[in-house]
Amino acid sequence: MSVVDYEIRNQIGIVRLNNPPVNALSQALRAGILAAVERAQTDESRAILIICEGRTFVAGADISEFNQPPVLPTLPDVVAGIEQSQKPVIAALHGTALGGGLELALACHYRCALPSAKVGLPEVKLGLLPGAGGTQYLPRLAGVEAALELITSGNPVSAQRAHTLGVIDAVLDDEKSPVTPLDNAAIAYAQTLLSQSAPLRRVRDIEIPPDTVSENYFHKAREQLARRYRGQPAPQLIADCIQAAVEKPIDAGLALERMHFERCLHSSESAAMRHLFFAERQCTKVVGLAKDVTAKPVRSVGIIGGGTMGGGIAMNFANAGIPVRMLEINDEAMARGLAIVQRNYAASVKKGRLTQESMDRAMACIQGTTDYAELSQVDLVIEAVFENLEIKQQVFRKLDEVCKPGAILASNTSYQDLDAIAAVTRRPEDVIGLHFFSPANVMKLLEVVRGAQTSDSVLATAMQLARAIGKVPVLSRVCYGFIGNRMLNQYFRQAHLCLMEGATPAQIDGAMESWGMAMGPLAVGDLSGLDIGYKARQAEPDNPDHQRVYCLPDALVEMGRLGQKTGAGYYRYDPETRAREEDAEVLALARKLAAERGVTPRSLSDEEIRNRLLLALVNEGARILEEGVAQRASDIDVVYANGYGFPRYRGGPMYFADQLGGEAVLVRLRGLYAETGDPCWKPAALIESLAATGKNFTDEVMA
Ligand code: T1G
């Protein structure tokens with residue numbers, strides 16, 4: 001079967017697309033659709049049906065084509081070809097009709113969909129905007145406000161919601177034709193339209209009443225978009241296009257959309273976001289994993305520890321319909337754990353993110369227990385107890401006794417040595433790290449930590465399961481802090497050195513947040529709790545760096561200032577709004593501690609702060625690659641974009657380094673090393689070699 005086949009059945013010309021895996025609109029597909037529609041103009045068909053083979057209707061333009069010059073026909077050419085048809089063209093949607101796929105459907109005269117279908121315009125998630133009429137056609141069908149929300153959020157909606165909005169005309173009842181649900185149902189729908197002499201209704205001909213929104217609607221919308229999408233040009237340009245759909249004739253609106261699309265396509269923000277799109281798919285692939293390795297089924301899960309992490313982890317599996325047994329040390333702790341889960345779900349229902357029915361279904365998947373014996377038949381256990389090696393080893397000895405042969409035993413540890421945990425079991429090949437990020441039911445990142453003896457089958461199971469529960473899995477070897485936290489330690493270290501040298505918490509956080517980080521390092525410390533780092537440092541009392549670098553947070557902890565949870569840490573927090581404000585007492589303490597250590601305060605520029613914190617990430621990331629802890633540089637970018645609030649429109653630490661260029665990175669590192677003598681600035685060998693060869697960290701990712 002070629003990418004586009006054409007046949008006539010029951011007087012319907014069926015244009016069948018087949019471009020696996022997602023029917024992306026490659027040049028061949030675009031040309032094939034146009035040719036088939038043109039051919040149908042003169043044959044005996046009375047209507048034309050565009051339908052897709054495989055798991056989904058067209059999921060958009062072929063993103064991999066964006067870095068090459070456009071090849072005709074363009075998607076707008078295909079849209080025009082469909083709109084000029086003298087016979088009704090019907091799109092039959094299933095799976096996810098996204099981006100150019102939905103635009104292809106909007107060019108048609110009618111749209112039908114299976115109940116399970118979803119439609120959306122996710123271009124903004126790639127730093128783009130719809131480039132084939134989406135910003136002009138969607139408001140004409142769904143209204144301005146719904147269109148603005150759909151296109152600037154990029155989130156898909158269900159077939160039912162799309163039908164309510166008027167984006168699709170019929171939700172098919174696929175029960176009628178169990179054999180090939182879509183074909184028959186869609187053909188039947190096309191025949192119904194013919195029997196009704198349905199007109200050649202084109203979306204482009206719909207007029208939007210000029211008073212459809214209030215006068216200052218777009219002004220207010222732009223203000224909200226600027227807050228919600230800091231640093232990203234596409235959302236503002238989407239607002240421009242939708243305003244043009246209201247105020248200008250269709251062709252003028254389409255011309256503006258095309259101009260803005262080209263501008264986004266060539267923006268650094270979109271290049272970075274497209275890099276991450278492919279990186280988040282590449283990271284799921286394990287280098288060197290034998291092709292015949294099969295993942296084990298995971299039909300039931302045990303969680304050890306019903307605290308914030310344990311409860312959040314349990315929710316991931318319950319949301320996927322996988323039964324969970326959450327074990328705590330006694331009934332009171334178990335009840336408390338279940339209450340945490342219940343509260344989390346109830347909050348989502350209250351915010352309208354979840355239906356009560358979905359919450360009840362998920363809660364029914366989670367059972368509490370205090371008896372290890374009840375975990376004897378589960379396929380996977382995830383330990384989420386206190387971050388202490390001995391305690392974790394006790395748990396794994398018990399699990400090794402109780403769990404069935406072949407059960408996977410996972411630790412959620414952030415820092416402990418997974419091999420030391422595996423060593424206390426008789427089944428180290430079944431032990432793996434599954435490092436969730438708090439809040440575990442929200443954060444997409446999952447570091448999958450491969451122990452020295454973890455089997456390929458357990459590893460393949462973990463990577464597949466991660467995707468099944470909606471996570472982005474990144475493989476890490478064992479080292480202190482794995483990928484993300486190991487780099488974060490260097491990033492935090494520079495932040496604290498800048499504090500000691502004269503910068504204030506607000507300046508440091510402000511410098512990073514204005515660059516695009518979701519939250520500055522010191523505010524992050526206050527959020528997670530300064531006592532976490534304090535306890536870890538207490539375990540290394542002889543480390544000279546701690547006293548020199550972290551004397552301020554240690555002093556704050558000893559003053560009872562643990563961060564947001566005590567109302568004060570580096571900042572004071574408003575008890576109502578939790579807004580942070582600078583605290584003169586902390587600034588004076590920092591100056592006192594610095595003076596006691598012979599540090600003369602100086603003024604630091606935002607640029608110096610950003611340079612040091614970001615280069616600290618890059619240099620440690622390079623070392624992580626050299627040691628083989630991470631499989632590829634783009635995996636590190638995926639870790640930071642999905643677990644540490646690194647701005648997606650900057651692509652990740654290693655992508656950022658590539659934009660600077662290896663030579664520039666090397667010169668800056670050498671300068672800092674010469675200036676400070678601090679070993680952390682000794683350039684990683686990989687950076688030396690990239691600078692010498694002109695290669696990039698992230699060359700291997702198809703951007
Ligand atoms: N182009 C090229 N390759 C794509 C692709 C696309 N649009 N979508 C997916 N792939 C590849 C992906 O890299 C992976 O490859 C494989 O397909 C399976 O993807 C003109 C400008 C559809 C919901 O943004 O959201 O249209 O790793 O692992 O989890 O206005 O893919 O196997 O080699 O994600 O089942 C707009 C992007 C484009 C949709 C399926 N469309 N895709 O999820 O599979 S811009 C999008 C997705 C545009 C127009 C504008 C998801 C999915 P490999 P997967 P999945």
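**Rings, helices and burial**

Modeller: Ring pairs link F437, Y640 and Y644 into a cluster. This is a predicted model, so local features need pLDDT of at least 70 and side-chain atom pairs count only at pLDDT 80 or more, while totals for chains, interfaces and linings use all residues. Residues are numbered from 1 along each chain as its sequence is written, and side-chain values use heavy atoms, with hydrogens and water left out.

Colleague: How many aromatic pairs does a search of the whole structure find?

Modeller: The search finds 10 aromatic pairs. Rings of Phe, Tyr and Trp (its six-membered ring) pair if their centres lie within 6.5 Å; planes under 30 degrees apart are stacked, over 60 edge-to-face, and the rest tilted.

Colleague: Why is the pair of F277 and F278 called edge-to-face?

Modeller: Their ring centres are 5.1 Å apart and their planes stand at 85°, so the pair is edge-to-face.

Colleague: What makes the pair of Y640 and Y644 stacked?

Modeller: The centres of Y640 and Y644 are 4.4 Å apart with planes at 20°, so this pair is stacked. Both Y640 and Y644 are buried.

Colleague: Why is F278 called buried, and F277 partly exposed?

Modeller: Buried means under 20% relative accessible area, exposed over 50%, and partly exposed in between (1.4 Å probe, protein chains only). F278 has 13%, so it is buried. F277 has 22%, so it is partly exposed.

Colleague: What sits over the ring of F277?

Modeller: The charged end of R281, 3.6 Å from the ring centre. The label needs NZ of Lys or CZ of Arg within 6 Å of the ring centre and within 35 degrees of the ring normal. Likewise, the charged end of R580 sits over the ring of Y571, 5.0 Å from its centre.

Colleague: Now the helices. Why are α18 and α20 called roughly perpendicular?

Modeller: Helices (H or I, at least four residues) and strands (E, at least two) are DSSP runs, numbered from the N terminus. The axes of α18 (residues 484-501) and α20 (residues 521-528) come within 10 Å and cross at roughly 110°. Angles of 65 to 115 degrees count as roughly perpendicular, under 35 as roughly parallel, over 145 as roughly antiparallel, and the rest as oblique. The two helices are therefore roughly perpendicular.

Colleague: Which residues make the contact?

Modeller: Contact means heavy atoms within 4.5 Å. From α18 come Y491, F492, A495, H496 and L499; from α20 come P521, L522 and V524.

Colleague: How do you know that S476 is buried?

Modeller: Its relative accessibility is 1%, so S476 counts as buried. S476 lies in strand β17 (residues 472-477). Leaving aside neighbours within four places in sequence, S476 is in contact with V448, V449, R450, F482, I483 and V629.

Colleague: And what makes L165 buried?

Modeller: L165 has a relative accessible area of 13%, so it is buried. L165 is in helix α6 (residues 159-165). Beyond neighbours within four places in sequence, L165 is in contact with L141, A142, A146 and L150.

Colleague: Why is helix α5 called largely enclosed?

Modeller: Of the 10 residues of α5 (residues 144-153), 8 are buried, so the helix is largely enclosed by the rest of the structure. Its buried residues are V144, A146, A147, L148, L150, I151, T152 and S153. They pack against α4 (134-142), β8 (157-158), α6, α8 (217-228) and α9 (233-247). Just after α5, G154 takes a positive phi of about 75°.

Methods: Axes are lines fitted to C-alpha atoms, for helices over the stretch in contact, and angles run from 0 to 180 degrees between N-to-C directions.
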